[in-house]
Amino acid sequence: MDRVIKKHKSIKEFVLKLLKISIPIMIANLFTNVASLIDTMMVGKIDQINFSGVFVATQVIFVINLAIFGSVEGSSIYFSQFLGKKDSKHLRNSFAFKIIATLIVGTISTLIVLIFGRPLAKLFTKNPQEIEVAVKYMNILSISIIPFGINVAISTSLREDHHTFIPMMITFFGVIINILVNYIFIFGSWGMPRLEGIGAAIGTVAVGR
C-alpha cells in the first residue's frame, strides 16, 4: 500500500513539475501568435501592396528563424544532459557553442538578406511595388537577426534549466511594446511619420523579434 501511495505521489509531483514548466512556454507562444495576428491585421488595413510585401519578407525571415533555432537545438540536447549531471564545465561549453552558432548563422543570414534580398523577394512575387516593400522590410529587420539569435540561445537555456517564467514575462512585455510601436509607425500616430509596412519592421526590430 505504501508503495502505491509513493508511486501516485511521485506521478503527481511529476505532473505538477511538468505543468509548471510547460504552461509558461505555452502562454509565451500564445502571446507571440497573438502579436503576429495583430501585426497582420494592422498591415492588412493599409493596402494589398504593403500586406503582400510584408508577407513576402516574413517568408524569408521565417526560414532564417528556422536556421537559428536549428543551430541552437543541437547544443540544447547536450546542455540538458550536462545540466542533469551538474557538469558545469561542459555546461558552459554548450552555452558558448549556442552563442557562437547563432553568431555564425546570424551573420551569414544578415549578409544574405542585405545582398540577395531583392532576388529572394522575386521568388515570391513579380510586383515591383511589393518587392520594394519586402526589400525595405528585410533590410530593417536584418539589424535584429544577430540579437534575435543571442536571445534564442539565452531563452532556450533558461527553459532547459526550468526557468520558464522569466522568458514568458519577457515575451509578454515584448509583445506589448511590439503592438504599440507597430501601431505608432504603421499608422503615423502620436506625431510620428506614417511608414505603413516599413513601420511593422521597426516595431519588430524594437523588441528584437
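Predicted model: local features only at pLDDT ≥ 70, side-chain atom pairs only at ≥ 80, totals over all residues.
**Exercise 1. Do the analysis for Asn-50: name its helix, its burial class and its contacts.**

Solution. 
Step 1. Asn-50 belongs to helix H2, residues 48-85.
Step 2. The relative accessibility of Asn-50 is 7%, so this residue counts as buried.
Step 3. Leave out neighbours within four places in sequence. Asn-50 is then in contact with Val-43, Val-133, Glu-196 and Gly-197.

**Exercise 2. Describe the salt bridge in the structure and say which helices the pair links.**

Solution. 
Step 1. Count. A search of the whole structure turns up 1 salt bridge.
Step 2. Name the partners. Arg-118 pairs with Glu-132, and the closest N and O atoms are 3.3 Å apart.
Step 3. Locate them. Arg-118 is in helix H3 (residues 88-122), and Glu-132 is in helix H4 (residues 128-141). The two residues are 14 residues apart, and the pair links distant parts of the chain.
Step 4. Classify each one. Arg-118 has a relative accessible area of 35%, so Arg-118 is partly exposed. Glu-132 has 32%, so Glu-132 is partly exposed.

**Exercise 3. Examine helix H1 through Val-15 and Ile-38.**

Solution. 
Step 1. Start with Val-15. This residue lies in helix H1, residues 2-44. Its relative accessibility is 37%, so Val-15 counts as partly exposed.
Step 2. Look around Val-15. A nonpolar surface patch is formed by Ile-11, Phe-14, Val-15, Leu-16, Leu-18, Leu-19, Ile-23 and Met-26. Together these residues have about 740 Å² of accessible area.
Step 3. Move to Ile-38. Ile-38 is in helix H1. With 27% relative accessibility, Ile-38 counts as partly exposed.
Step 4. Check a distance. Ile-38 and Asn-178 are 140 residues apart along the chain, and their C-alpha atoms are separated by 9.9 Å.

**Exercise 4. Summarise the whole chain: its helices and strands, span, burial, contacts, surface and charges.**

Solution. 
Step 1. Count the elements. There are 7 helices and 0 strands. Read along the sequence, the pattern is α-α-α-α-α-α-α.
Step 2. The C-alpha trace extends about 70 × 30 × 30 Å along its principal axes.
Step 3. Find the buried share. The chain has 209 residues, and 38% of them count as buried.
Step 4. Sort the contacts. Take contacts between residues at least 6 apart in sequence. Of these, 71% join residues at least 24 apart.
Step 5. Describe the surface. The accessible surface is about 12,400 Å². Carbon and sulfur atoms account for 71% of that surface.
Step 6. Locate the charges. The chain carries 20 positive and 11 negative charges, and their mean positions are 7 Å apart.

Note on methods
Residues numbered from 1 in each chain as written. Heavy atoms only, no water. Patch = residues over 30% accessible without salt bridge, like charges linked within 9 Å, V, L, I, M, F, W, Y side chains within 5 Å. Areas by Shrake-Rupley, 256 points an atom, 1.4 Å probe, with all protein chains shown as cover. Salt bridge = Lys/Arg side-chain N within 4 Å of Asp/Glu carboxyl O. Helix = DSSP H or I, 4+ residues; strand = E, 2+ residues; numbered from the N terminus. Buried < 20%, exposed > 50% of the residue type's maximum accessible area, 1.4 Å probe, protein only. Contact = heavy atoms within 4.5 Å. Lys, Arg positive; Asp, Glu negative; His and termini not counted. Charge placed at Lys NZ, Arg CZ, Asp CG, Glu CD.
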